[in-house]
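Dear colleague,

I am passing on the structure below, and after it you will find notes on what came out of it.

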Amino acid sequence: GERIFKIILEQIAIDNCHNKTNIPSISYLDDEGIFHHNPKLERMHDLSEVPSPYLNDVFDPLMAANPDQKWIAMWETDRGCPYQCAYCDWGGAIEDKVSPFPIDRIRKETWWFAEHKIPYIFLANANFGILKQDIEIAKSLAEVKRATGYPEGISVQNAKNPKPHTFEALEILENSGLNKATIMSIQSKNTETLKAVRRENMKVGEYQVNQKRLRAQGTYTYTDYILGMPMETYESVISGIAEIISDGQHDRVQVNILAILPNAEMGDPEYQELYGMEIVRTKIINTHGKKNDSISGVEEYQDLVIATNTMPREDWVKTRAFCCMT
């Protein structure tokens with residue numbers, strides 16, 4: 001994305017972007033209304049090409065101008081996702097290659113967060129703990145917190161199929177007081193649903209072992225579930241959540257409404273027709289937000305699934321009420 005955006009800016013400087021034929025990875029309508037889709041630029045795997053906005057002082061003037069503001073850092077330490085879930089536009093686009101940022105740069109960024117007293121970091125990786133390098137990242141964060149008291153916490157989306165090094169990285173964060181919650185991403189327990197969305201979940205036995213292990217060491221976990229998925233029914237959701245609780249999830253089950261993303265497989269009208277999806281467009285109201293107009297006056301919208309051919313609208317409402325109570 002960075003390279004393509006740079007090419008667009010350069011073309012604007014040349015002719016206000018009139019000639020779009022040499023800009024890779026873009027789609028556009030020409031002056032005669034004809035659709036064009038230019039060849040894609042080869043994916044960037046050497047992430048040392050991307051400069052760090054933190055280490056290059058991009059944010060310093062903004063922070064200096066707002067001295068009383070508390071900041072959250074959005075941070076990448078790798079890019080990519082090996083999974084191709086139908087509801088997500090991440091893995092399918094990346095074609096399963098996970099590329100790390102250089103570890104020396106990452107260590108410097110952890111100290112930048114501490115020096116700028118950033119209390120909270122949201123790690124934007126798809127699967128923290130998927131790479132062995134993540135152990136070193138966790139150690140670096142723990143070292144910085146011990147030395148400075150910052151950051152106070154970090155939120156990670158951990159690897160969907162965790163390995164021993166995944167748990168080692170999470171335990172380091174937990175022991176240093178940084179880990180706010182370990183996410184157990186299930187999304188559905190219904191076999192037909194998992195098939196329909198091409199979701200490669202943990203094996204049931206592995207999930208149970210991991211859940212019990214985390215519980216025994218006092219790690220706070222929460223399990224993600226998605227409401228409105230294909231082939232799911234009122235009964236299958238109740239059964240799935242009951243199973244999750246029986247497996248030892250006594251902290252939190254977070255149920256998210258299925259949202260359609262334009263570039264995901266599920267964004268295809270044929271897919272939606274196959275599963276009888278009923279979709280409504282609504283303003284985004286975040287879990288931790290308030291139901292009011294945005295401060296900027298620029299609203300963001302999302303397309304939510306509120307019925308399928310296996311879960312009619314009445315059942316969806318009933319299931320939603322059950323999930324809220326859970």
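Helix 4 (residues 103-115) and helix 5 (residues 133-148) pack at an angle of about 25°, their axes lying 10 Å apart, where axes are lines fitted to C-alpha atoms, for helices over the stretch in contact, and angles run from 0 to 180 degrees between N-to-C directions. Helix 4 is therefore roughly parallel to helix 5, a term that covers angles under 35 degrees. Among the residues making the contact are Ile106 and Trp111 of helix 4 and Ile137 and Val144 of helix 5, contact meaning heavy atoms within 4.5 Å.

This is a predicted model, in which local features need pLDDT of at least 70 and side-chain atom pairs count only at pLDDT 80 or more, while totals for chains, interfaces and linings use all residues. Residues are numbered from 1 along each chain as its sequence is written, and side-chain values use heavy atoms, with hydrogens and water left out.

Turning to the strands, strand 13 (residues 301-307) pairs in the antiparallel sense with strand 11 (residues 259-260) over 2 bridges, pairing requiring that DSSP finds at least two bridges between the strands. Ile260 stands opposite Asp303 in strand 13. Strand 12 (residues 278-283) also runs antiparallel to strand 13, joined to it by 6 bridges, and here Ile279 stands opposite Val305.

Lastly, Asp247 lies in the loop between helix 9 (234-246) and strand 10 (253-257), and it counts as buried because its relative accessibility is 6%, buried meaning under 20% relative accessible area with a 1.4 Å probe and protein chains only. Leaving aside neighbours within four places in sequence, Asp247 is in contact with Lys189, Tyr207, Gln208, Gln211 and Lys212.

With kind regards

Notes: Helix = DSSP H or I, 4+ residues; strand = E, 2+ residues; numbered from the N terminus. Parallel < 35°, antiparallel > 145°, perpendicular 65-115°, else oblique. Buried < 20%, exposed > 50% of the residue type's maximum accessible area, 1.4 Å probe, protein only.
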